[in-house]
Amino acid sequence: MKQLLLKISLLLLVLFHSACSDDDDCLNIEHLDQLSATAKQWYVDPALGNRDLIDSNGITQTLVVAHSDEYIVPDAVEDDCGNIYGSFDYSVSFMPSLSAFSFNIKIHGSGISEDDFYLLMNIYYANGAEKKARYDFNTRKSHDNQAQISILNEWQVLNHTYQNVMEIKFTPTQIPSDIQKIYYAQSFGIVEYIDNSGVSYQVEY
Amino acid sequence: MMKRFLFLPAIIILLFSSCCNKQQVEIDRMLLSESDKAWIPYQKGETYLFEYSNGTELNFHVDQREINQAIMGGEDCGEGYITYEKMNVLISSQTPSMFFTLSIDASVPEPLLGISFNSNQTYFILNRDLPPDYTSIDINGHTYQNVYMLEKYENSSNIIEPEIIFYNKTEGIIQIKLTDNETITLKN
């Protein structure tokens, strides 16, 4: 009985210590600033407006900036060392004018966790289906297995070369007209996407 | 103990105050006639071949042809309700991924046929009481009879989307004219 009480006391002591440990209490401001700057480079200014989109069959439509939003909190987290760090969310929705789906891109950053700096790409289909991909700027890879994400130094679309392009390869699904790949250029947004029939849709610069 | 007895009548009154002992009565049925239904020729499972103005072929598949019954009115105690029918037909293409929903609603006073494009973002209306805009018209080398020209309900500038639809009872959608003057035409 004494041994059991001793074990429980030790366990409680370990739990209490881990909850109150001082090791990670100070924010690494320099690192957070780097992540914040990197994340914001991928923001797309909605004022860039609608773009023409032409597919590999020669059908033209408009990639419409359907909605944009930003939410900034200057003091989202405060540490025990007197540091205060904010959070930001920028989101833009694009809708191809002849297609029954839309893209939503969210750039998120927060000092709460280093993993809290990411780009989230959602696709909403008119039939209610939805898929998403998330790139974490800290780990420099996809957050989960819903997509493989890599950064290409450059990508050429309709005779224009874009620098720093995120290539998102989605895990295939059963959704009709499912989007399989998206190319997303830094500061410009979606420059190309490819559906499951292999048809490529390219944005005119 | 006394308090419990005081609460009991209050609970009973509350329970029965929300009850309606009058039967809900159907006062009318607005059903679609065979003649109404014939305005949309598409049958579920069929595929229609269309052609974009540059020659690219697009397959439109009839995914749905449904007649649903709904009720309006009858929310208040003793109020009569009306049963009505609504037909929805959905045709879609894969590339680009787009769809049209054609609908006829028996509860609408005017005999209308509505065509919405991609989740109601664009809407066209045909009044079946009106005579066709063309008794005969030649479209892409083919002559069609009794054709209605439907114009988009609202205009949004600088966006490429359907602007005009040519429609008749026999073929359904004959041609979709886009705002950039390109066309998607039924291929015979």
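Which residue takes a positive phi in the hairpin of E8(A) and E9(A)? In this predicted model, the residue is Leu158(A), with a phi near 45°, in a hairpin that has 2 residues between the strands. The model counts local features at pLDDT of at least 70 and side-chain atom pairs at pLDDT 80 or more, whereas totals for chains, interfaces and linings use all residues. Residues are numbered from 1 along each chain as its sequence is written, and chains are lettered from A in the order in which they are written.

Chain A contains 2 helices and 12 strands, assigned as DSSP runs (H or I of at least four residues for helices, E of at least two for strands) and numbered from the N terminus. Along the sequence, the pattern is α-α-β-β-β-β-β-β-β-β-β-β-β-β. Strand E8 (residues 147-157) of chain A pairs with strand E9 (residues 160-170) of chain A in the antiparallel sense over 10 bridges, pairing being defined by at least two DSSP bridges between two strands. Within this arrangement, Val157(A) has His160(A) in E9(A) as its bridge partner.

Of the 205 residues of chain A, 30% count as buried, that is, with 20 or more other C-beta atoms within 10 Å of their own, the C-beta atoms being placed from the backbone.

The contact between the chains takes 20 residues from chain A and 17 residues from chain B, two residues being in contact if their C-beta atoms, placed from the backbone, lie within 7 Å. On the side of chain A that touches chain B, strand E2 (residues 60-78) of chain A contributes the largest share, 4 residues.

Key:
A residue is buried if 20 or more other C-beta atoms lie within 10 Å of its own, exposed if 12 or fewer, and partly exposed in between; C-beta atoms are placed from the backbone.
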